[in-house]
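Have the sequence and the 3D view open as you read.

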Amino acid sequence: MSRNQDDSEERINETRIEGRNSVLEAFRAGQLIERLFVKKGCKDGPVLTILREAKKTGTLVDFVSADRLAHMSETGHHQGVIAQLSAFEYSEMEDIFALAEKRGEDPFIFLLDGIEDPHNLGAIIRTANLAGAHGVIIPKRRAVGLTATVVKASAGAIHYTPVVKVPNLVNVMETLKERGLWFACADMDGEVMYRHNLTGPLGLVIGNEGNGVSRLVKEHCDYITSIPMAGDIDSLNASVAAGVLAFEVVRQRMEKKSGQGGGM
């Protein structure tokens, strides 16, 4: 293994807490725990207490095999519980608007509704950066946060693209509407993306890998936007869908900037 690989593994391990007492104290101390791994079938008192704390904070919980926990463990004394801490500092909402102002551009923001796969989140942050988006907003509950896997999957984009974590997406959308943003929601039952005007201040909403955008979030969107598909399956991976829609936004913005118009 190379030195860089050693350093990466070390950084990942620095974001983990092992053992029941350590994990419970981390919750009670208010540390930002992004994901909790618990041995399948483990239902004794201390573990149930930890699970209650996880529920209070909306922490994602994975019930995994003893072999997987053993593989993840550095100490060899995980006691059936490993917690994954945030691996990166979150930004503030004003950081997003400051970046848009600095570039002299209309705000372009990704809102992610319940993305659970860290590789998807990392890939979407990378796409957001490459598409010129000014930030990514994720919910506090029932969604993956900035774990070490997410940071790695972003391929460095996390250092340049603000990621903001909020308690409630719908409330944030209402606030952002007051600041002039429109929202386009990705949904296969929506109107084809080419027929929507995706220029101007925009929030692009991408839903959960399995269930898509939740009902309440969808109801607060201005556009329900679909990607035209001609294959034999009816859906795209969340990060791929985000990429396709993001670069339609890029296309329309470029056309508008060149005076050719963009969208309908």
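What follows is a short tour of a predicted model, strand by strand.

## A strand on the inside

Start with strand E5, residues 108-113. Six of its six residues are buried, so E5 is largely enclosed by the rest of the structure. Buried here means under 20% relative accessible area.

## Who E5 pairs with

One partner is strand E9 (residues 202-207), which pairs with E5 in the parallel sense over six bridges. Strand E6 (residues 135-139) also runs parallel to E5, joined to it by three bridges.

Leu 111 is a handy landmark: its bridge partner in E9 is Val 205, and in E6 it is Ile 137. To get from E5 to E6, the chain passes through helix H6 (residues 118-130), making a right-handed β-α-β crossover.

## The four-stranded sheet

Elsewhere, look for an open sheet of four strands in the order E1-E4-E2-E3, with mixed pairing. Strands E1 (16-18) and E3 (60-64) are at the edges with a single partner strand each, so one side of each has no neighbour in the sheet. From one strand to the next, the twist averages 20°.

E1 runs antiparallel to strand E4 (residues 81-85), and three bridges join them. Within that pairing, Arg 16 has Gln 84 as its bridge partner in E4. Helix H3 (residues 45-57) packs on the sheet, touching E2 (33-39), E3 and E4. The direction of H3 makes about 150° with that of E2.

Definitions and conventions: Residues are numbered from 1 along each chain as its sequence is written. This is a predicted model: local features need pLDDT of at least 70, side-chain atom pairs count only at pLDDT 80 or more; totals for chains, interfaces and linings use all residues. Side-chain values use heavy atoms; hydrogens and water are left out. Buried means under 20% relative accessible area, exposed over 50%, partly exposed in between (1.4 Å probe, protein chains only). Helices (H or I, at least four residues) and strands (E, at least two) are DSSP runs, numbered from the N terminus. Two strands pair if DSSP finds at least two bridges between them. A crossover is right-handed if, with the strands pointing away from the viewer, the path from the first strand over the helix to the second runs clockwise. Axes are lines fitted to C-alpha atoms, for helices over the stretch in contact, and angles run from 0 to 180 degrees between N-to-C directions. Contact means heavy atoms within 4.5 Å.
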